[in-house]
Amino acid sequence: LNIRVGKRNQLPADGNLFVVSEDAKPLDANGAKIFHSVIARLLYLAKRGRPDILLVVAFLATRVTKSTDEDWQKLAKLLHYLDRTREETVTIGVDASGQFELSCYVDASFGVHMDKKGQSGCILSFGTGPVLVQSRKQSTVARSSFEAEILAISDAVAMVVWHQQMLKDIGIQCKTVVYQDNRGCVDLLKAGNIAGDLSRHVAIRFGWIFDVANEFSLQVKWIETTRMVADIFTKVLTGDSWSKLYPKLMGKVSMMKSSA
C-alpha cells in the first residue's frame, strides 16, 4: 500500500471518513481486487476480535464496487493503526456486580453519509466486552435524528429478541435491557405514543418496537451519551470521547461503569 499518513496515527480513521470526493481517481482492476480482498478479511477480524475498527471497515465495505484512491488511503490509515495496536485484545465477561443482564447499546448518526443516509451501531454485552457488534449504513433516508434512532432500534431489537430466546432455550434466564441516549425517543417508546408527523415506515417500526418490547419483556432505558458505547460504531470519535469509550468496548472496564 502507498501509505500517506503521519507518524502519529493514533486512531483508525480521520473525521473525513464518510466523505466521498467526486474527483477521486478510481482504482485499477488489480487495486480494486486487492481492496476488496483486504476489506473482506478485515470485516472478519472486526466482527471477532477487533470491534474498534468496525465502523471504518463497515464504511469501506460500501466502497468495494467503486473504490478509489481516496478509499485506498483510508484503508492504509486503518492498517497503520492495526499495526500499531496489534497486541490489543477483547475481554468478554459478566459485569462484576454479578447481575446477569443481556444489554443492548444502540445508537445512530443522522445523515452522515454523502447521500444523507444515517449510520446505525449496536452492541450486545453481558456487562464486559461485546458478544456481538454491528455497524451499518441505514437503508433509507431519515428526516430527523429521532427517525434515525428508531431505524437503528428496530434492527437492534430483532437481534436482541433472537439472542434472548436462544439463551432461554438453553436454560438461561436474564434481564434484557436496551440502552439508548435519545431521551425523547426512550420516553415515547415507553409510552407507546406514535402520534405525530412520522414517515409511515418509521411509524410502523415504532409500533413494532413497542409491541415486541412488551411481548418479550424488554426494558428500554436512557443512558448518557458519554456512556453510549455504540457511539463508536456511528461516527468517528476523537479525544476524550474515544479514550473513555474505547476501554469499555474492548472489555477493559465494565460498560456500565460511569465515565465521570
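1. A polar contact is a pair of N or O atoms within 3.5 Å; within protein, one atom must be able to donate a hydrogen and the other to accept it, and residues adjacent in sequence count only if both atoms are side-chain atoms. The structure is a predicted model, in which local features need pLDDT of at least 70 and side-chain atom pairs count only at pLDDT 80 or more, while totals for chains, interfaces and linings use all residues. Residues are numbered from 1 along each chain as its sequence is written, and side-chain values use heavy atoms, with hydrogens and water left out.

2. Confidence. pLDDT is the predictor's confidence in each residue, from 0 to 100. The chain has a mean pLDDT of 88, and 90% of its residues reach 70 or more. Helices (H or I, at least four residues) and strands (E, at least two) are DSSP runs, numbered from the N terminus. Where pLDDT is low, the predicted coordinates should not be read in detail.

3. Gln 119. This residue lies in strand E3 (residues 119–125). Gln 119 counts as buried because its relative accessibility is 1% (buried means under 20% relative accessible area, exposed over 50%, partly exposed in between, with a 1.4 Å probe and protein chains only). Its side chain makes a polar contact of 2.7 Å with the side chain of His 113 and reaches the backbone nitrogen of Lys 137 at 3.5 Å. The C-alpha atoms of Gln 119 and Phe 233 are separated by 7.9 Å, although the two residues are 114 apart along the chain.

4. The sheet. Five strands form an open sheet of mixed pairing, in the order E5-E3-E2-E6-E7; two strands pair if DSSP finds at least two bridges between them. Strands E5 (130–137) and E7 (219–222) stand at the edges with a single partner strand each, so one side of each is left without a neighbour in the sheet. From one strand to the next, the twist averages 20° (axes are lines fitted to C-alpha atoms, for helices over the stretch in contact, and angles run from 0 to 180 degrees between N-to-C directions). Strands E2 (residues 101–109) and E6 (residues 175–180) run parallel and are joined by five bridges. Tyr 105 stands opposite Tyr 179 in E6.

5. Helix H5. The buried residues of H5 (residues 183–191) are Cys 185, Val 186 and Leu 189. Seen down the axis of H5, these residues fall within an arc of 100°, so they line one face of the helix; the arc is that of the directions from the helix axis to the C-beta atoms. At the N-terminal end, Asn 182 caps H5 through a side-chain oxygen 3.3 Å from the backbone nitrogen of Gly 184. Just after H5, Gly 192 takes a positive phi of about 75°.

6. Helix H4. Glu 147 is found in H4 (residues 145–169) and counts as buried, at 2% relative accessibility. The side chain of Glu 147 reaches the backbone nitrogen of Arg 143 at 3.0 Å.

7. Cysteines. With a disulfide taken as a pair of cysteine sulfur atoms within 2.5 Å, the count comes to zero. For Cys 104, the closest cysteine sulfur is that of Cys 122, at 3.5 Å, which is too far for a bond. Cys 185 is in no disulfide either; its nearest cysteine sulfur, that of Cys 104, is 12 Å away. Cys 104 is buried at 0% relative accessibility, and Cys 185 is buried with a relative accessible area of 0%.
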